[in-house]
Amino acid sequence: MSDLAAGSADEPIRVPDQDLDDLAATLERLIKKTEAQGRMLERLKGEDSDTHPTPDDAEDGSPEQGDDELQSEPDSAPKASGDTGLPASVFILALDNDAYGIELDALTAWVNHLLLPVYGREITTSRPWCHQWHDHPEAVARLHALWLAWQQFTDVEAGVAGPSVWHRDHLDPTWLQLRAPDGPFAACTTNPNRPHHRLLPTPAPEATELELAA
């Protein structure tokens with residue numbers, strides 16, 4: 001009897017293959033969504049660059065401009081931020097409407113299929129949540145930053161310690177801020193049986209000198 005007990009105690013705990021398969025399938029779907037989102041952003045950037053022909057395009061077929069014409073059209077000169085076709089920032093709140101919508105859709109898929117099922121935990125008065133988190137700008141910004149970090153630190157190039165760094169430096173502090181009793185969801189759901197959503201008022205910005213002068 002003691003030998004059987006000792007043998008059973010030494011047996012490793014095995015996660016059911018079905019659970020592993022479900023998680024692997026979820027990760028594969030998220031990776032495909034991320035790749036599709038990247039292709040969409042590349043297409044949007046390509047459409048933007050089409051509206052700003054490069055010097056090579058001008059040599060191929062567009063009529064040449066003289067010096068007088070160039071000097072008379074200063075607006076046609078490349079702008080500092082933008083004719084490269086690249087976004088000015090990866091920060092989601094800095095994106096334009098189309099790019100913001102694409103990014104938010106991909107973020108929502110990640111939140112719904114990976115973040116909440118694995119790390120969501122129970123909704124309580126000390127750990128509120130809002131199913132309409134996409135209406136809270138702070139939540140969108142923090143969750144998007146968390147998702148970007150997840151993409152970086154779960155990549156093979158991040159090394160074997162990458163996931164641990166993501167948990168320690170990104171997931172834990174983000175979750176503490178978002179689900180704190182005085183966080184952005186403080187006026188939202190504290191009981192899963194009573195969903196609630198309300199945006200908390202924020203401090204009004206101070207008037208600038210130009211606004212005061214007007």
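This is a predicted model: local features need pLDDT of at least 70, side-chain atom pairs count only at pLDDT 80 or more; totals for chains, interfaces and linings use all residues.
**Aromatic pairs**

The structure holds five aromatic pairs.

| Pair | Centre to centre | Angle between planes | Class |
|---|---|---|---|
| Trp 110 and Trp 150 | 5.7 Å | 50 degrees | tilted |
| Trp 129 and Phe 185 | 5.2 Å | 75 degrees | edge-to-face |

The Trp 110 and Trp 150 pair is tilted because its planes meet at 50 degrees. This pair links distant parts of the chain. Trp 110 sits in helix H5 (residues 97–119), Trp 150 in helix H6 (residues 137–153), and 40 residues separate them. Trp 110 is buried, at 1% relative accessibility. Trp 150 is buried too, at 10%.

Trp 129 and Phe 185 pair edge-to-face. Trp 129 belongs to the loop between H5 and H6, and Phe 185 to the loop between H7 and helix H8 (209–213), so their pairing ties together parts 56 residues apart in sequence. Both residues are buried.

Trp 110 and Trp 150 also belong to one aromatic cluster, together with Tyr 119 and Trp 166.

**A charge over a ring**

Arg 179 lies over the face of Trp 175. The distance to the ring centre is 5.7 Å.

**Thr 174**

Thr 174 is part of helix H7 (residues 162–178). Its relative accessible area is 11%, so Thr 174 counts as buried. The Thr 174 side chain reaches the backbone oxygen of His 170 at 2.7 Å. Leaving aside residues up to four places away in sequence, Thr 174 touches Arg 142 and Leu 146.

Notes: Residues are numbered from 1 along each chain as its sequence is written. Side-chain values use heavy atoms; hydrogens and water are left out. Helices (H or I, at least four residues) and strands (E, at least two) are DSSP runs, numbered from the N terminus. Buried means under 20% relative accessible area, exposed over 50%, partly exposed in between (1.4 Å probe, protein chains only). A polar contact is a pair of N or O atoms within 3.5 Å; within protein, one must be able to donate a hydrogen and the other to accept it, and residues adjacent in sequence count only if both atoms are side-chain atoms. Contact means heavy atoms within 4.5 Å. Rings of Phe, Tyr and Trp (its six-membered ring) pair if their centres lie within 6.5 Å; planes under 30 degrees apart count as stacked, over 60 as edge-to-face and the rest as tilted. A charge sits over a ring if NZ of Lys or CZ of Arg is within 6 Å of the ring centre and within 35 degrees of the ring normal.
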